[in-house]
Amino acid sequence: MTGLNHHGRYGYAPITDRPDYDWPGGRRLAVYLGMNLECFSFGDGLGAELAPGGPQPDVLNYAWRDYGNRVGAPRMMELFDRLGVPATVLVNSHLYEEAPGLVEAWRARGDEIAGHGRTNAERQGTLPEADEARLIAEATQTLTRHEGAPPKGWLGPWISQSALTPDLLAEAGYDYLLDWCHDDQPTWMKTRSGRILSVPYPQELNDIPQIVGRKREGADFADMIVDAFDVMLEESARRPLVMGIALHGYLMGHPHRLKHLERALRHILAAGDDRVWFTTAGAINRHFRTLGID
């Protein structure tokens, strides 16, 4: 006995001692973009900050975040169109009302639409079970109504989970979640009704921790993407890997950062498609489920 609490969702298995497999077409490195589309409450609630906020209403930081939906996300969509790359779009359900047409434009590209709560002005992990289940249900119902099918993947606002979140997501019909950054391969997680797949979602290759948290700029972030890709591509000859890149319109959608994101993505594309699968988190989930790996 270690005396430590344990989540009980998965056991320890070093990545060097697991079954080998391929991604579709014999490819070894799966790369996906997690494009966050988020909305916030004016005058209260949570939100990333460009600078320390003053008394509410905090116009500086609210307007900076709102730039992402009005300018940054459309600008990034144009970049992805030029490069011909897909995205997993992580959607706050209130966005259909707050930014009409924005989610629809990403849908029209053929991108995957995944759940991301109701709004990023709140956390789900602090809620009682009934309230958290209601949050998941409300967001899921809104996405299902607009998209014509229920989302299969979920990322909690602020990567917030309670001790019951995987159980609630599985019971709400979700196949996979993105909140855990503990691995470079998909991991099965136990729930009280069966299991749910954890698809790797990055907190290192994520523009919020790097640019907001560590005060790095776009060139540094792009260099991190390039460096991680080079190392993971070489390593993928020995084992299959997942490389996610987490993005927000109010960060990487600014002109002085977008040029560096384009540089990093062109570096990935230049490697060719014989080893690299540029895909979505949902496609990773679907393929992994066909492999029969426990």
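## Pockets

A pocket is an open set of points on a 1 Å grid over the protein atoms alone, with protein on both sides within 12 Å along at least five of seven lines, and its lining residues have an atom within 4 Å of a point. Grid points are joined across faces, edges and corners, and a volume is the space filled by probe spheres set on the points. Bear in mind that this is a predicted model, where local features need pLDDT of at least 70 and side-chain atom pairs count only at pLDDT 80 or more, while totals for chains, interfaces and linings use all residues. Residues are numbered from 1 along each chain as its sequence is written, and side-chain values use heavy atoms, with hydrogens and water left out.

The largest pocket has a volume of about 410 Å³. Its lining has 20 residues, and Gly 11, Ala 13, Arg 18, Thr 187 and Trp 188 lie nearest the centre. Strand E6 (residues 187-191) gives the largest share of that lining, 4 residues; helices (H or I, at least four residues) and strands (E, at least two) are DSSP runs, numbered from the N terminus. By type, the lining of the largest pocket holds 10 nonpolar, 4 polar and 6 charged residues. Here Ala, Val, Leu, Ile, Met, Phe, Trp, Tyr, Cys and Pro count as nonpolar, Asp, Glu, Lys and Arg as charged, and the others, Gly among them, as polar.

A cavity, by contrast, is a set of points where a 1.4 Å probe fits but cannot get out. The model has 1 cavity of 30 Å³ or more, and the largest cavity has a volume of about 60 Å³. Residues lining the largest cavity include Asn 36, Phe 40, Arg 65, His 248 and Tyr 250. Strand E1 (29-37), helix H1 (59-83) and helix H8 (249-252) each give two or more residues to this lining, and H1 gives the most, with 3 residues. The lining of the largest cavity divides into 3 nonpolar, 5 polar and 2 charged residues.

Now to helix H4 (residues 129-147). At 1.5 Å a residue, its 19 residues should span 27 Å, and its end C-alpha atoms are 27 Å apart, which agrees; the expected span is 1.5 Å times one less than the number of residues.

The buried residues of H4 are Glu 132, Leu 135, Ile 136, Ala 139, Thr 140, Thr 142 and Leu 143. They cover an arc of only 160° around the axis, which puts them on the same side of H4; the arc is that of the directions from the helix axis to the C-beta atoms. On the other side, Ala 130, Gln 141 and Arg 145 are exposed. Buried means under 20% relative accessible area, exposed over 50% and partly exposed in between (1.4 Å probe, protein chains only). Among the elements that cover the buried residues of H4 are strand E2 (88-91), helix H2 (95-98) and helix H5 (165-171). After H4 comes Gly 148, with a positive phi near 85°.

Which helix holds Tyr 96? Tyr 96 is found in helix H2, and this residue is buried, with a relative accessible area of 6%. Leaving out residues up to four places away in sequence, Tyr 96 touches Val 91, Val 103, Glu 104, Ile 113, Thr 142, Leu 143, His 146 and Glu 147, where contact means heavy atoms within 4.5 Å.
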